[in-house]
Amino acid sequence: MVKDPADNNRNPADNNRNPADGKEIRFLCAPLEGITGFPFRQIHHSMFPGIAAYYTPFLVANQTMKFKNKEMRDVLPENNAGVPTVPQILTNRADQFVHAVLRMQELGYREINLNLGCPMPMQVTKKRGAGFLADQDVLDRFFEETFQELEHAGLNVEETGTSEQCAGRIKADRENPAAGSVRVSVKTRIGLEDAAEADGLMKIFNRYPLSLIVIHARRGVDFYKGSPDLDTFGKMLEQSSHPVCYNGDLFTTEDIVRFTKRFPAVDFLMIGRGLLQNPALIREYKGGKPLQEEELRTYMQRLFEAYHSVISGDMNVMYKMKELWTYAGTQFTGADRFLKQIRKARSIESYEAAAAGVFREGQFHTKVL
Ligand SMILES: Cc1cc2nc3c(=O)[nH]c(=O)nc-3n(C[C@H](O)[C@H](O)[C@H](O)COP(=O)(O)O)c2cc1C
């Protein structure tokens, strides 16, 4: 990424402030299925504080009205103690969503997020995730039924507020997780096949008391390819009567600064892969120390131990670590040989030897090339 020379003139005291008006930016950790489960969230939060809320990988709500054990384990309060967490639900049925919301509310969660962005064919063909965006009439009815049923269930759905109120509520959740109201947020793409879908989607979102609209500024058919469509994001932002969170391709401090300069009205940024590449990204953006090699070593070691204690089978633990290394490995140059050995490791011993090699032989840097 080309560095904007103006970035060098930033006053570190202004970091974490929206440069345009001095407002504080709230950072949210994106859900990544298979990666940002509770061990990741706990360890990241304890070592790199600064994330206002972690969104869980999606839990599927279906006709069984039961979550899988693995999904439940990810949201059990004891596994999320002290970590601001928002459960994410994947479904296209209002009754199933309402059931999930009530279940999450019982567990003490105050914001529940609906996944309208998953691009995987298995979900899209079932008209879930990004697949749900294609049928706007059905989506509209889904929300209508959802909010009616939540009202019938006697649940107080908190009204939409300003970004400040939204941020205040996220903070209050941490202090008073058991209060008896709930917020519903969505994480959406700009459309399934065409950015022109965005206009209709925003009209629907505006009709309902949603607390936050997280926009991953790509179409579903883009998966993760190409660049986010910032022009369409800008139009959605203008059109939204709800607080908006931007998501997509913020990998470095410079990316964040460039984004906030272009969109000073955005108070929420959700980051996924950028945090996996550089877990200290927010600290760095706020003017703190860049990621240190030693803390990355400790972080990876702690993740390894945490996965070991909750996942059975060495290969399964290594599978998680291999995935994490595809991101964290970007912090090194000259370590390709060892990163390849990590990918190929078939035993804990060979994994550990390869990981040690990355730190020993690789050249550590904090910028993604
Ligand atoms: C491996 C992987 C798993 C993901 N799982 C989820 C998920 O469970 N729910 C969701 O809303 N988005 C999911 N996403 C999308 C991310 O939350 C995020 O929107 C996307 O990576 C763009 O943000 P980023 O550029 O900051 O990573 C996933 C992305 C990846 C790469």
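# Helix pairs and a ligand site

Let us begin with helix 7 and helix 8, which pass each other in a right-handed crossing. Before going further, please keep in mind that this model is predicted. Helix 7 covers residues 197-207 and helix 8 covers residues 230-239; their axes come within 10 Å and cross at roughly 25°. Angles under 35 degrees count as roughly parallel, so helix 7 is roughly parallel to helix 8. To see where the two touch, look on helix 7 for Ala198, Asp199, Met202, Lys203 and Asn206, which meet Thr232, Met236 and Gln239 in helix 8. Sorted by class, this contact holds 3 nonpolar, 3 polar and 2 charged residues.

From helix 12, the residues Leu296, Met300, Leu303, Phe304, Tyr307 and His308 take part in the contact, and from helix 13 they meet Asp314, Val317, Lys320, Met321, Leu324, Trp325 and Ala328. Here the residues divide into 10 nonpolar, 1 polar and 2 charged.

Helix 12 has another partner to visit, helix 1, which spans residues 38-47. The axes of helix 1 and helix 12 come within 9 Å and cross at roughly 150°, which means that helix 1 is roughly antiparallel to helix 12. This crossing, too, is right-handed. On the side of helix 1 you will find Phe38, Pro39, Phe40, Ile43, His44, Ser46 and Met47, and they meet Glu295, Thr298, Tyr299, Arg302, Leu303, Ala306, Tyr307 and Val310 in helix 12. The classes in this contact are 10 nonpolar, 3 polar and 2 charged residues.

Finally, let us turn to the ligand. Which residues are the closest to it? Of the 18 residues that surround the ligand, the closest are Pro31, Glu33, Asn247, Asp249 and Arg273. Glu33 places a backbone N or O atom 2.8 Å from a nitrogen atom of the ligand. Arg273 takes part through its side chain, where an N or O atom is 2.7 Å from an oxygen atom of the ligand. Gly272 contributes as well, with a backbone N or O atom that lies 2.8 Å from an oxygen atom of the ligand.

Note on methods:
Residues numbered from 1 in each chain as written. Predicted model: local features only at pLDDT ≥ 70, side-chain atom pairs only at ≥ 80, totals over all residues. Heavy atoms only, no water. Contact = heavy atoms within 4.5 Å. Helix = DSSP H or I, 4+ residues; strand = E, 2+ residues; numbered from the N terminus. Nonpolar A, V, L, I, M, F, W, Y, C, P; charged D, E, K, R; others polar. Near = heavy atom within 4 Å. Polar contact = N/O pair within 3.5 Å; in protein donor to acceptor, adjacent residues only side chain to side chain. Axes fitted to C-alpha atoms, helices over the stretch in contact; angles between N-to-C directions. Parallel < 35°, antiparallel > 145°, perpendicular 65-115°, else oblique. Left-handed = near helix turned anticlockwise from the far one by under 90°.
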